[in-house]
Amino acid sequence: MRITYWVLLLFLFFPIAKSIAQQKKYVIHTVAFYNFENLFDTINDPDTFDEEWTPKGLQRWTFDKYEKKLGNLARVLAEIGSAENTDSPTFIGGCEIENRGVLEDLVKQLKLIEKDYGIIHFDSPDKRGIDVALLYQKKKFQPTSYNNIPLYIYKEGLAINESSKASAEEKTDDELEVSTKNYRVYTRDQLLVTGFLDGEEINIIVNHWPSRSGGEKKSSPFREAAGALNRKIIDSLQRINPNAKIITLGDLNDGPYNKSVKLGLGAKAKKTEVLPLGIYNPFEEMAKKGFGTIAFRDAWDVFDQIMVSETLLKTDYTSFRYWKAGIYNKSFLIQTSGQYKGYPLRHSTTEIGFSDHFPVYIYLIKEKK
């Protein structure tokens, strides 16, 4: 009986051991996006409307406050996606960035400096002087090309600051500015970066689409134009290479269900709906479930999104594929008291917080050889 027992135990254990031995191991990279919310230095730039963010401005923006802001952002960036990937993000798209100098200060922060982040940044025509940028870990990603692609939109007959007449519920720090000479709406460029991630070509587009200044409905055509430009960039990449791997991410100032995303970009909510050359948006399902990256009057929306091309959805993990997405909304990023309890903990004249947005992220994975 004792021999029979051990033989039985051996046969029961063998499939389990074999299963463990066959478990596949994966390389994982985190791709993140974060609206840095007014990452300004303390120096007045005569070419932009940044006077508010100076020591004598409305925010009383001092060097000590600036240093605190940098430290807060660095803490967040170092920890995004750490639940499944202990390393900080390989890619970080960002917006509301005044200039390259603030990014150089950011990547030198204690929590980030060892990661040796590279910076890709261009000055945009935005009148506040806020731009988009991409940070990347140099040891993992080698850029081969990058370009800022302007968004040309016009509003004839709309004078500068007319948007300030908008109702209180539509008011935003990011007001649209319109040229009185040619009625161009000056907004952020879209940043396209191409390079190699562990030997595989990846294309990343960083966005910060026009705000809802003046009202959601009135300003919607501007974001629809941004979505159409984004689709045009993607189409151009796919004409060159139908198998191009593309990630588009940013603060879109629209939810996943708005025209700019659903029609302009053509993003789909379910993987099964995505056709070849199509785009998948994992954040639409999150929005339907009530999750959000930004709140207003106790209503949540998902303005911050990361979308991927159909080529990243295939199930052959011998090459990089999309795994899953998330909103990074840890407790230290949340306001704990007052009128805005439960909202993202943004900074103010009395408290240096983080941002009025939660960051978002996705994982890319492939089998280890």
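**View 1. Strands E5 and E8 pair in a predicted model.** Strand E5 is joined to strand E8 (residues 190-197) by eight bridges, and the two run antiparallel. Strands pair here if DSSP finds at least two bridges between them. Strands (E, at least two residues) and helices (H or I, at least four) are DSSP runs, numbered from the N terminus. Tyr146 has Val193 in E8 as its bridge partner. The model is predicted, so local features need pLDDT of at least 70 and side-chain atom pairs count only at pLDDT 80 or more, while totals for chains, interfaces and linings use all residues. Residues are numbered from 1 along each chain as its sequence is written, and side-chain values use heavy atoms, with hydrogens and water left out.

**View 2. The seven-stranded sheet is open.** Its order is E5-E8-E9-E10-E15-E12-E11, with mixed pairing. Strand E5 (141-149) and strand E11 (267-268) are the edge strands, and each pairs on one side only. Strands of a sheet pair through backbone hydrogen bonds, either parallel or antiparallel. Helix H4 (residues 216-240) lies across E5, E8, strand E9 (200-208), strand E10 (246-251), strand E12 (279-280) and strand E15 (304-309). H4 runs at about 30° to E8. Axes are lines fitted to C-alpha atoms, for helices over the stretch in contact (heavy atoms within 4.5 Å). Angles run from 0 to 180 degrees between N-to-C directions.

**View 3. Strand E10 is mostly covered.** Six of its six residues are buried. Buried means under 20% relative accessible area, exposed over 50%, and partly exposed in between (1.4 Å probe, protein chains only). Ile246, Thr248 and Gly250 point one way from E10; Ile247, Leu249 and Asp251 point the other way. E9 and E10 run parallel, joined by six bridges. Ile204 stands opposite Ile247 in E10.

**View 4. The largest nonpolar core holds 69 residues.** A nonpolar core is a set of buried Ala, Val, Leu, Ile, Met, Phe, Trp, Tyr and Cys residues joined through side-chain atoms within 4.5 Å. Phe36, Leu103, Leu106, Ile247, Phe283 and Ile362 touch the most other members. Helix H2 (residues 63-79) gives the largest share of this core, seven residues. Apart from this core lies another, of 22 residues, including Ala226, Ile234, Ala267 and Ile279. Not counting residues up to four places away in sequence, Ile362 touches His29, Thr30, Val31, Phe283, Ile306, Val308, Tyr322, Lys324 and Ala325.

**View 5. Aromatic rings pair up.** Rings of Phe, Tyr and Trp (its six-membered ring) pair if their centres lie within 6.5 Å; planes under 30 degrees apart count as stacked, over 60 as edge-to-face and the rest as tilted. The count comes to 15 aromatic pairs. Trp53 and Trp61 are edge-to-face, 5.0 Å centre to centre with 85° between the planes. Trp53 counts as buried because its relative accessibility is 4%. Trp61, at 1%, also counts as buried. Tyr340 and Tyr343 form a tilted pair, 5.4 Å centre to centre with 55° between the planes. Tyr340 is partly exposed at 46%, whereas Tyr343 is buried at 9%. Ring pairs link Trp300, Tyr340, Tyr343 and Phe358 into a cluster.

**View 6. Charged side chains sit over rings.** The rule requires NZ of Lys or CZ of Arg within 6 Å of the ring centre and within 35 degrees of the ring normal. Arg75 lies over the face of Phe332, 3.7 Å from the ring centre. The charged end of Lys324 sits over the ring of Trp323, 4.5 Å from its centre.
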